[in-house]
Amino acid sequence: MREQAALKDLAGGVAVLAIAGLYYWATGDIAESTLSDEVGASGLPRILAFALAGLGLILTARAVMAGALSPAHEPAAKSPAPETDDETSTLPRALGFLAFGVAYVCLVSFIGYLPAIALLIGAVALYEGAPRNWKTLVIAAGGALLYWGIFVKILGVHQPSGLFF
Amino acid sequence: MHSLGIAFDLLFGSPIILYSIIGLTWGIVGGSLPGISASITMALLLPFTYGMAPVQAIVMLACTYIGAEYGGSIPAILIRTPGTNSAAATVIDGYEMKRQGRAGEALGISLWSGVIGSLFGLLMLVVMTEPLSWVALAFKPTSYFALGILGLSVIASMTNGSLLKGLAAAVVGLMIATVGTDPISGVTRFTFGSPELLGGVEPVLIMIGVFAVSELMMQSGSKGLGGIGEQVRVRLPSLSMMNRLKRSQFIGCLLGTFEGLTPGGGGSIAAFLSYNEARRWSKEPEKFGKGSEEGVAAPETANNTVASAALIPLLSFGIPSSNSTAVLLGGLLIHGLLPGPRLFEQNADVVVGLYLGSFIATLAQILVGILLLPFCVWLVNRPRAYLAGFILALILSGIFTLNTSLFDLGIALGMGLVGYLMRRAGYPFLPLILGVVLGHMVESSYRRSLLLSGGDHTIFLEDPIAVGLLIASTIFVTLSLVREFRDARNAKLKDVHA
């Protein structure tokens, strides 16, 4: 259990280091201006990159000292996964959920708001365990009409239009 | 007298009552949904406030906060699942009362105590905010820089045991704040040629992403919470009961105000502290945990007091002390409103409207709370699968209304992923949000100070306000570090003994 937490911290520390590295690399693209002050447009970003790298190093070192890389956690890793909220099983599930949002962004310009939002509600409901029957279909269509009514008709807010709507 | 005139104008010349009630209603409904906290409920509302007049938008957001604090107690009492974090202490005696067939009575006490707490918090807000804000008139760029640092030091108490993780999250927030056009030289930074990023990343997109989208991702695949399966009616306490609840409500008011003023305090800490103190001072402490009315009244008074008292540091200095006030700060910034004395001078209608709207919402809470209960019960009974679809659709539709840009949707979804990974790795959110909302102030005031001094850093030591604020920040962080080391040592000792 403790090793698992340390592994998680190690992954977090490495991710922080990676963000710091990428951010520092991107500061190279900041142009220097003649209007610039002593600190400059890239001054604070560079300080932030170093600060984050320092924090990332400490977090990584702390995770290693807590046993993230020790072989002691290997037998635990081989034991059957607990049935409770397990990260490795929920990460793909969460990413799957997010994929519906991404799919909506990609599709809405082609098929239009009304069908896209109906598809989104229906697909997410099915993904989350709603029964595959006419009721889900009706709820998705009704929900889309409700949102279309609220946003487009009542609030008068423009929503993406596609080939059909 | 001038404020009174504005209040009358707003009351009779604008639909402020309507906006208060809408905000309150939305807050109660959102708060009653388990997993949807007050801050998420407010963040979901943010896109709708874009096209509104500033006073209407801020009133709606503040009233949503008030409503969500009561709404959170509904599932806490009925299905033992707090709708908001701050309703967690209400579960203890509220659910016990429900098991004894006294759910309506528990809901009535929660509602009544919420009204008492909100009124007290509102009184504190009106009395304390303006005098405090005048201190900010003496502020120079150096003071604003130090104030930003003090705001960021709030992180120290919001890190749930890992100051380093909190600091890392704050630095990432500050990094996000550097995206766009440089405030001094006008040079573009981290835009990667995208015109959508020239104005920077809007804090509202980050808030919706890390609060709402990541919460939906966390809940994906979880089972429903089970239905309530019975008809419940709110039963307001009798006069003798109101009299009995006075002591615990007074404790809730005091601790709620203290926690609201304290950076990093928040409703949940206030609620648990009040519960403990109410038990200590109660004439019937043995009833606590077994369906005590005072056990419901104390935490509900406290978390509602916090909802108003937390606005004091926000409006006076622009320092958000909780997730919900960070969202409200986002609302103020969206409408170009900067907290501090100028807000009271130049946008007095917003401040008076906020007081008035909160007062209206607090009084209306009793009626709206009673009327909305059947709908909230119906909503809590809906299958989670459909709710997830509807909430994601609401988020995506709402975000598009901000700038009618699909790019914004991408940012919010991306921040949802960031929020999800942060939750999983145990990184707190508030530091990231604080970094984003305070980043601009910290950078521009730091650089303006150095421009004034010709690059001499001792300018920060010549300003007594800046020195005071920087010392306060140092004390704050040091105390948190000491606490963190002490907790880590205690945990180690526990492990050794086990």
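**Talking through the two chains**

Tutor: A word of caution before we start is that this is a predicted model. Chain A is divided into domain 1, covering 2–78, and domain 2, covering 89–154.

Student: How far apart are the C-alpha centres of domain 1 and domain 2 of chain A?
Tutor: The C-alpha centres of these two domains of chain A lie 37 Å apart.

Student: And how many helices and strands are there in chain A?
Tutor: Chain A has six helices and zero strands, and its elements, taken from the N terminus on, run α-α-α-α-α-α. Among the 165 residues of chain A, 31% count as buried, and of the contacts in chain A with a separation of 6 or more, 68% are accounted for by residues 24 or more positions apart.

Student: What about Ile154(A), is it buried or exposed?
Tutor: Ile154(A), which lies in helix α6 (residues 134–154) of chain A, is exposed, because there are 9 other C-beta atoms within 10 Å and a residue counts as exposed at 12 or fewer.

Student: Moving to the contact between the chains, how many residues does each one put in?
Tutor: Chain B contributes 49 residues and chain A contributes 53 residues. On the side of chain B that touches chain A, at least two residues each come from α9 (163–177), α10 (203–219), α18 (384–403), α19 (406–425) and α20 (430–453) of chain B.

Student: Which helix gives the most there?
Tutor: That is α18(B), which supplies twelve residues to the side of chain B that touches chain A. By class, the residues on that side of chain B are 31 nonpolar, twelve polar and six charged.

Student: Now the core: which residues touch the most other members of the largest nonpolar core?
Tutor: They are Ala168(B) and Ile208(B), in a core of 207 residues. Helix α17 (residues 348–380) of chain B gives the most to this core, with 15 residues. Because domain 1 (2–78) and domain 2 (89–154) of chain A both give residues to this core, it lies between them.

Student: What is Ile208(B) in contact with, leaving aside its neighbours within four places in sequence?
Tutor: With those neighbours left out, Ile208(B) is in contact with Ala43(B), Leu46(B), Val213(B), Ile395(B), Ile399(B) and Ala412(B).

Student: Take α15 then; where does Leu329(B) stand, buried or exposed?
Tutor: Leu329(B), which is found in helix α15 of chain B, counts as buried because it has 26 C-beta neighbours inside 10 Å, and the threshold for buried is 20 or more. Not counting residues up to four places away in sequence, Leu329(B) touches Leu314(B), Gly318(B), Pro320(B) and Val437(B).

Student: Back to α4(B): at what angle do its axis and that of α7(B) cross?
Tutor: The axes of helix α4 (residues 54–71) and helix α7 (residues 103–135) of chain B cross at roughly 145° and come within 10 Å, and α4(B) passes α7(B) in a right-handed crossing.

Student: Which residues meet there?
Tutor: From α4(B), Ile66(B), Glu69(B) and Tyr70(B) meet Ser110(B), Leu111(B), Gly114(B) and Ser118(B) of α7(B). This contact of α4(B) with α7(B) comprises three nonpolar, three polar and one charged residues.

Student: Last topic, the backbone: what is the phi of Phe190(B)?
Tutor: Phe190(B) has a positive phi of about 55° although it is not a glycine, and Phe192(B), likewise not a glycine, has a positive phi of about 50°. Phe190(B) lies in the loop between β2 (188–189) and α10 of chain B, and Phe192(B) is found in the loop between β2 and α10 of chain B. Phe190(B) is partly exposed, with 19 other C-beta atoms within 10 Å, whereas Phe192(B) is exposed, with 9 other C-beta atoms within 10 Å.

Definitions and conventions:
Residues numbered from 1 in each chain as written. Chains lettered and ligands numbered in written order. Predicted model: local features only at pLDDT ≥ 70, side-chain atom pairs only at ≥ 80, totals over all residues. Contact = placed C-beta atoms within 7 Å. Helix = DSSP H or I, 4+ residues; strand = E, 2+ residues; numbered from the N terminus. Nonpolar A, V, L, I, M, F, W, Y, C, P; charged D, E, K, R; others polar. Domains from an automatic or database assignment. Axes fitted to C-alpha atoms, helices over the stretch in contact; angles between N-to-C directions. Left-handed = near helix turned anticlockwise from the far one by under 90°. Core = buried A, V, L, I, M, F, W, Y, C linked by C-beta atoms within 7 Å.
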